[in-house]
Amino acid sequence: MALCDDTLLCNFPKCRIKLCGFAWVTACSHAFCDQHGSGEFSHSPVICPACSSALSGKMDIVRTELSPSEEYKAMVLAGLRPEVVLDISTRALAFWSYQIHQERLYQEYSLSRAEVQIKQLEKMLNQQNQSRELDLGAMRGEITSLRKVMEEYKRKYSEVAERLMERNRQYQKLQGLYDSLRLRNMTVGERDTPARHAHHPVGPAGVFRHASSPRVSPPFLAMGPKGDSSSSSLFTCLEPDIPTTFFNFRSPAKERGRPFPQNQ
Ligand SMILES: [Zn+2]
Ligand SMILES: [Zn+2]
């Protein structure tokens, strides 16, 4: 601090600049920088800016050189009696002691204010931390409940997917059964009326027209996966390489060349 540097500070409110060169000192033991001293003490009535004391005496305000020359120091107290020299020195030391005491009070005041501010900040920080902790706890709870909901949805999804797969299996089984039955009906119908094949060509959409046979299935296009074992497993007596596609029945030569089923 300034006092450690053996330097006084300007006592003008909020100035606190280090005094150097010339300083204005007052009878009320205050010191000011050259700027504030010359400004405040140039008009009357003269009032101390630090303590509002009236400074009307001739020697109440002195502009003093802080680093006097060797010649000045050699002569300023020369000729004075020792008690006068000591008296002057004592008063000068008292001025210095008062300045140090004031600075110490100021530092202690600043320290206490800083401590109060620190305590307020710590309190605020603690409150914010508690609030954050509460928020965090609430969010964690929310995450946990959302995870439970997600697990429930996952479980339901897997159940539905399982049921869907089961339905698909049933559907394909039925589809294969339907295909096999229809093929058998076709085969039976064609065998019953071999001579009428030429007079009943395939329709425009590839539909086999066989209005005379009541057992013929409704118009049907190729369906079901190729190579599905369920579609041919029930009627293994049929020609093994019969595809499930209806269009292969368009060729009369192939129809005639195919052997009849043996279990009908
Ligand atoms: Zn100043
Ligand atoms: Zn004063």
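## Confidence along the chain

Confidence, given as pLDDT (the predictor's own score for each residue, from 0 to 100), is highest in strand S2, at 97, and lowest in helix H4 (residues 229-232), at a mean of 42. Over residues 197-264 the pLDDT is below 50, although this stretch has 72 contacts in the model beyond near neighbours in sequence, a contact being two residues whose C-beta atoms, placed from the backbone, lie within 7 Å. The chain averages a pLDDT of 80, and 71% of the residues score at least 70.

This is a predicted model, in which local features need pLDDT of at least 70 and side-chain atom pairs count only at pLDDT 80 or more, whereas totals for chains, interfaces and linings use all residues. Residues are numbered from 1 along each chain as its sequence is written, while chains are lettered from A and ligands numbered from 1 in the order in which they are written.

## Elements

The chain has five helices and three strands, which are DSSP runs numbered from the N terminus (helices: H or I, at least four residues; strands: E, at least two). Read from the N terminus, their order is β-β-α-β-α-α-α-α.

## The sheet

Three strands form an open sheet in the order S2-S1-S3, with antiparallel pairing, where pairing requires that DSSP finds at least two bridges between two strands. Strand S2 (31-32) and strand S3 (61-65) are the edge strands, each pairing on one side only. Strand S1 (residues 22-26) pairs with S2 over two bridges in the antiparallel sense, and valine 25 stands opposite alanine 31 in S2.
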